[in-house]
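I opened this entry to look up charged side-chain pairs.

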Amino acid sequence: MTAVPQDLDIDHLRSWIGREEVAEDVVTADLVRKFKATLDLPGGPPQIGEVAPRLIHFCLAQPAAPTAALGPDGHPRRGGFLPPVPLPRRMWAGGSVTFRDDLRVGDAVRRVSRIADVVLKEGRTGRLCFVTVDHAVEGNGRPLLQERQDIVYRGLDSGGAKTAPAPAEGGRHRRRLDASPPLLFRYSALTFNGHRIHYDRRYVTEVEGYPGLIVHGPLQATLLFHFAAEIRRAPPARFDFRSLSPLFDDDGMVLHAEENGDGLKLWTARENGPVAMAAEAGWA
């Protein structure tokens, strides 16, 4: 059976709705240089004032809890801005970003975050608690983007038999990538993400029961976003994404894209595996 805490008080957790947090950072040339290197994006040494790659804001103004304040999974201990959901697994389930302007190298960034909703649902492995966070990001006082972030908390899998999901279809546009441990480590470093499922193989296999290191949801989203920008030769103005199944470091990751009206439908999958992340990009 899946262990489910008996003290999951949804009314208490929903009292976090409306809480706000303000964080600030600077888009440095060094961050842009390392971001491009990690994702193999083209371009020379970043110069002050030039446009920074979109979705680099995932790397900005991240929580910096003292190491002694981290939980067993490498995340900051529960509570604070996010509600203290007493379920062991925490993942970024998806999100939506609408762009109004671009970040530029040298910009002073201000992000206002607000807890928009906390919902309890029943899933295949037991209880799921979804926390929705809205972010508004400014650069040097200019409104840049609005973002919705969906975080899911859940219990450990029971280990029972599961129905294998159907393999993903192939897109018109495809690109195979190596989800190597160095790539996952570099992205964790860029986002100051201590979650051990992305770099600690012994922890992720022996404690959380996964077969390998997990490819970050935001990393998959960023790869799909820049794949879309390359296909259309312009970055999307709107991008929605949702995680459907885990992707591991020893899987051959494939980016897929298909025309979808005026936009693109995109997804990641391993070879002959199910959709891991589904996304939609729009330019209107």
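I started with Arg148. In this predicted model, Arg148 is partly exposed, at 32% relative accessible area. I then looked for a partner. The side chain of Arg148 meets that of Asp150 in a salt bridge, with N to O at 3.0 Å. Asp150 has 16% relative accessibility, so I logged Asp150 as buried, the cut-off being under 20%.

Next I checked Glu271. Its salt-bridge partner is Arg176, and the closest N and O atoms are 3.7 Å apart. Glu271 sits in the loop between β9 (263-270) and β10 (275-282), while Arg176 belongs to strand β6 (residues 173-178), so this pair ties together parts 95 residues apart in sequence. Glu271 is partly exposed at 45% relative accessibility. Arg176 is exposed, with a relative accessible area of 54%.

Then I ran the search over the whole structure. It returned 16 salt bridges. Arg14 lies in helix α1 (residues 10-14) and Asp117 in strand β3 (residues 108-123), so the pair ties together parts that are 103 residues apart in sequence.

Technical notes
Residues are numbered from 1 along each chain as its sequence is written. This is a predicted model: local features need pLDDT of at least 70, side-chain atom pairs count only at pLDDT 80 or more; totals for chains, interfaces and linings use all residues. Side-chain values use heavy atoms; hydrogens and water are left out. A salt bridge is a side-chain nitrogen of Lys or Arg within 4 Å of a carboxyl oxygen of Asp or Glu. Helices (H or I, at least four residues) and strands (E, at least two) are DSSP runs, numbered from the N terminus. Buried means under 20% relative accessible area, exposed over 50%, partly exposed in between (1.4 Å probe, protein chains only).
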